[in-house]
Amino acid sequence: MKNLLELDEVEARYGPVQALHGISLTVGDGEVVAVLGANGAGKTTTLRAISGTVSRSGAIELDGKQLRAGPEAAARAGIAHVPEGRGTFVDLTVNENLRLGAYTRRDRGVKADIERVAEYFPWLTDRGDQRAGTLSGGEQQMLALARALMSRPRLLLLDEPSLGLAPMVVREFFRVVRELNEKEGLTVLVVEQDARIALSISRRAYVLEVGRVALAGTSDELRGDESVRRSYLGY
Amino acid sequence: MQQVVSGLASGGIYALLALALVIIHRSTGVINFAQGEMATLSAYIAWTLTANHGWSYWPAFVATLALSFGGGVVTHRAVIRPVERGSVLRIVIVTIGLLIAINGFVVWQWSGEPQQLKSPFPSDTIDIGGVIVSVQDIGTIAVALGIVFLLWLLFQFTKVGLALRAVAVNPQEARLVGVRVTWMLALGWGLAAMLGAVAGMLTAPAVGLDPQMMQAILIYAFAAAVLGGIDSPVGAVVGGLTLGVLLNMLSYLSQYGLFDWFTEELRLPTALLIILVVLLVKPSGLFGRPEVKRV
């Protein structure tokens with residue numbers, strides 16, 4: 001499998017505080033990769049470094065090409081980032097949110113794509129004119145995912161999608177992500193507190209500790225690892 | 001009825017300037033105190049084009065809009081953007097500095113002597129169903145509402161308009177979907193400068209062009225924006241028109257003994273009173289959504 005995303009010794013800082021101390025990881029084309037770790041391990045910062053929302057050093061390559069700094073450049077290169085805590089425009093309607101997802105696209109297929117995306121989220125169809133802020137938490141998270149799909153991303157970054165959602169909604173969310181990966185070959189890098197559900201859809205995973213990669217392997221290997229089981233799976 | 005029409009005409013001007021304030025406040029969270037002076041500068045540019053270069057009114061109107069738009073964009077890029085990451089107070093002080101600088105420039109360039117910017121509309125009156133109204137007033141209302149309508153089309157039905165609204169709602173998110181946020185902010189300043197230019201060019205023929213002409217109007221625009229809700233474009237328009245009609249009705253009624261204490265000098269204090277009362281009683285205004293602070 002050829003690498004779609006490659007991070008080489010990536011560092012990032014918030015003012016004087018260094019959050020990443022040289023992260024190296026790869027995501028293969030069409031692969032689902034999970035990033036696990038405790039609070040403050042640098043999971044979210046890793047995604048932010050990739051989408052250019054935090055200043056970084058070190059090399060990030062997408063499809064063999066050096067990724068330029070800044071979120072606009074990342075978006076234009078085909079990276080869709082669904083941030084933690086529902087990334088929707090609450091004052092805009094569902095349809096407007098979806099159209100904004102396709103903002104970087106110049107082609108005429110946007111309308112058709114809204115219908116295509118709605119096949120994964122049937123409830124979206126008759127609620128196009130509803131304000132995003134009036135949706136439930138789970139619906140907003142689904143809308144954030146649908147909006148990310150509207151950009152026809154090469155790489156989807158998901159940050160803690162399970163946060164604050166009911167278990168049933170979380171399962172439904174990950175079911176859709178798995179389906180997108182299997183049907184459309186969508187490449188996904190997912191950061192999750194809920195290691196069990198993340199490992200259930202990922203092929204490989206990285207465990208971060210204080211801004212470094214502590215452990216890497218296939219999801220099956222990590223599930224079998226004593227320390228991962230104790231720290232993140234809880235049995 | 002006549003009073004209502006002429007109130008709507010001045011209200012339309014307040015609405016345009018209030019809308020300019022709202023556009024900038026929504027996207028950057030600051031009040032642009034220089035908005036009135038920017039409008040004055042635009043009116044002087046229109047005057048120079050018509051009086052000194054022999055342009056007729058409408059070509060000069062369009063050229064002034066284009067120049068003002070460019071001026072607004074440049075102002076944001078050169079003056080506001082460098083301080084944007086600082087506190088709100090810093091930006092406010094910069095806009096006050098801009099107010100003084102533009103006012104100084106206008107006096108230096110054109111002297112403080114009042115000039116006459118000619119009106120595009122004849123000074124006739126017409127009879128509409130028994131009501132005698134001035135063509136000047138009708139024209140002013142039509143231009144103001146026309147501009148508001150065009151702006152609404154831009155915001156509601158174009159991709160740029162959608163991006164402008166997205167930036168106002170959530171700039172971080174907007175960057176993630178690939179919107180060039182700093183350019184959208186500059187565009188907002190350009191549009192605001194254009195709205196101000198229209199307000200300035202409609203005001204000058206009525207009150208005479210002088211460097212101080214927009215200062216009172218800016219206060220009325222503040223009152224209109226606060227009344228409608230400082231983040232609500234619809235509110236700015238409704239607030240402007242309401243204020244215009246209200247002030248005119250007060251003047252009118254005072255001639256007939258009602259509110260006979262109300263004189264022209266009380267128009268401005270009344271606007272300030274409205275600002276104060278709205279901020280005390282309903283800070284979000286008529287159309288604004290109450291601000292929710294998370295603790």
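Biologist: Hi! Is Thr203(B) buried or exposed?
Modeller: Thr203(B) is buried, with a relative accessible area of 2%. Bear in mind that this is a predicted model.

Biologist: Where is Thr203(B) found?
Modeller: In chain B, within helix α8, which covers residues 181-207.

Biologist: And what does the side chain of Thr203(B) reach?
Modeller: The backbone oxygen of Ala199(B), at 2.7 Å.

Biologist: Nice. Leaving aside neighbours within four places in sequence, which residues is Thr203(B) in contact with?
Modeller: Beyond those neighbours, Thr203(B) is in contact with Ile13(B), Gly208(B), Met213(B), Met214(B) and Ile217(B).

Biologist: Switching topic to the interface: how many residues of chain A are in contact with chain B?
Modeller: On the chain A side there are 25, in contact with 20 residues of chain B. The area buried between the two chains is about 2000 Å², and carbon and sulfur atoms give 59% of that.

Biologist: Which three residues of chain A supply more of its buried area than any other three?
Modeller: Those are Glu72(A), Phe89(A) and Tyr103(A), with 32% of the area that chain A buries against chain B.

Biologist: How many salt bridges are there between chain A and chain B?
Modeller: The count is three. One pairs Arg147(A) with Glu173(B), where the closest N and O atoms are 2.6 Å apart.

Biologist: Which helices of chain A each supply at least two residues to the side that touches chain B?
Modeller: α2 (71-77) and α3 (94-101) each do. The residues on that side of chain A divide into nine nonpolar, seven polar and nine charged.

Definitions and conventions: Residues numbered from 1 in each chain as written. Chains lettered and ligands numbered in written order. Predicted model: local features only at pLDDT ≥ 70, side-chain atom pairs only at ≥ 80, totals over all residues. Heavy atoms only, no water. Contact = heavy atoms within 4.5 Å. Buried area = accessible area lost by both parts, 1.4 Å probe. Salt bridge = Lys/Arg side-chain N within 4 Å of Asp/Glu carboxyl O. Helix = DSSP H or I, 4+ residues; strand = E, 2+ residues; numbered from the N terminus. Nonpolar A, V, L, I, M, F, W, Y, C, P; charged D, E, K, R; others polar. Buried < 20%, exposed > 50% of the residue type's maximum accessible area, 1.4 Å probe, protein only. Polar contact = N/O pair within 3.5 Å; in protein donor to acceptor, adjacent residues only side chain to side chain.
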